[in-house]
Amino acid sequence: GLQPEIAAADIVRPGGTEIEAARNVGITAAQTAPRGNIFLGQSAVINLAGDTPQQMIVRTPVALYVGLTPLSGGQYPGSLMGVFSAVRQLLLDAQRYREAQQIYERNPKGLRRPGQDKSLEALLPVLARQMPVVMQADREREIDRALDLAQEINLYLVINGGLEADRAAARLKAANVPVLLSLNFPRRIAAASPDADPEPLRILRERVEAPKTAGRLAAAGVRFAFQSGGMTTISDFLANAARAVENGLARDDAVRAMTIRPAEILGVSAQLGTIEVGKIANLTVARGDLLAKERRITHVFI
């Protein structure tokens with residue numbers, strides 16, 4: 001689960017039902033990252049059209065993704081505390097690796113040449129704050145631990161998921177840490193059964209509170225952008241953005257969270273995010289209000 005050197009640009013493939021489904025709801029570009037457990041690898045921003053991966057890629061690498069998912073089957077790390085320990089240790093190893101390389105480059109006389117490690121090498125741009133770390137953190141305690149780690153190692157942190165990000169809004173604002181806020185809202189996955197136990201209060205509360213998070217982050221001055229959060233039905237993306245508006249988010253802020261805000265957070269605002277001379281001409285044309293139930297996507301230009 002510790003392979004920060006894996007690059008999404010090397011494994012992305014053109015076409016496929018997922019890309020077509022995203023285009024059908026008006027999405028023209030996306031950030032994509034490798035899948036895994038802890039250090040997932042390096043993401044890329046891609047246009048959702050092109051005959052080859054090279055034609056699709058807008059920028060790579062964009063960010064290092066950290067998943068914070070404990071390993072199963074009795075493997076270490078098998079708990080959230082263990083995962084943070086493993087992440088911290090690899091970053092400290094990368095610091096020592098960088099120092100050893102610098103010492104050898106300054107004066108190699110009498111020193112053994114440091115060995116090469118592609119995993120630690122991939123972390124050097126992170127330590128130099130040249131590449132953000134996008135860390136999956138939904139719970140308030142996960143967000144707090146991520147902020148603590150970023151402060152200790154001096155990382156350029158982006159929170160991914162952010163289910164309870166509004167509870168940590170003051171810290172996020174103070175640290176100027178943006179959030180890639182998931183629109184994959186909690187929902188009942190099966191019809192209620194008369195014989196089933198009642199759902200826990202925590203689950204019911206999450207279902208009610210999730211659409212309110214975006215409005216609360218906006219009110220607190222926390223930068224955020226919407227992301228799909230691995231939703232299996234991408235048509236829920238615009239529907240859930242509309243739910244965020246119904247629950248307190250300004251409509252213009254919702255549109256920005258799908259356009260200019262992600263471009264700014266991911267460092268591609270010179271190419272994407274707004275309709276301006278010189279930028280990539282990705283355009284989505286809708287009949288009716290984009291956030292209304294009766295909307296219809298009529299044209300997508302990539």
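Does Gln101 count as buried or exposed, and at what relative accessibility?

A: This is a predicted model, in which local features need pLDDT of at least 70 and side-chain atom pairs count only at pLDDT 80 or more, while totals for chains, interfaces and linings use all residues. Residues are numbered from 1 along each chain as its sequence is written, and side-chain values use heavy atoms, with hydrogens and water left out.

Gln101 counts as buried because its relative accessibility is 13%; buried means under 20% relative accessible area, exposed over 50%, and partly exposed in between, with a 1.4 Å probe and protein chains only. Gln101 lies in helix α4; helices are DSSP runs of H or I with at least four residues, numbered from the N terminus. Leaving out residues up to four places away in sequence, Gln101 touches Pro114, Gly115 and Gln116, where contact means heavy atoms within 4.5 Å.

Helix α4 covers residues 80-106 and packs against helix α5, residues 118-127, at an angle of about 90°, with the axes 9 Å apart. Therefore α4 is roughly perpendicular to α5, a term for angles of 65 to 115 degrees. The axes are lines fitted to C-alpha atoms over the stretch in contact, and angles run from 0 to 180 degrees between N-to-C directions.

In this contact, residues of α4 including Leu90, Leu91 and Tyr97 meet residues of α5 including Leu120, Leu123 and Leu124. The residues of the contact divide into 9 nonpolar, 1 polar and 3 charged; Ala, Val, Leu, Ile, Met, Phe, Trp, Tyr, Cys and Pro count as nonpolar, Asp, Glu, Lys and Arg as charged, and the others, Gly among them, as polar.

Key: Helix = DSSP H or I, 4+ residues; strand = E, 2+ residues; numbered from the N terminus. Parallel < 35°, antiparallel > 145°, perpendicular 65-115°, else oblique.
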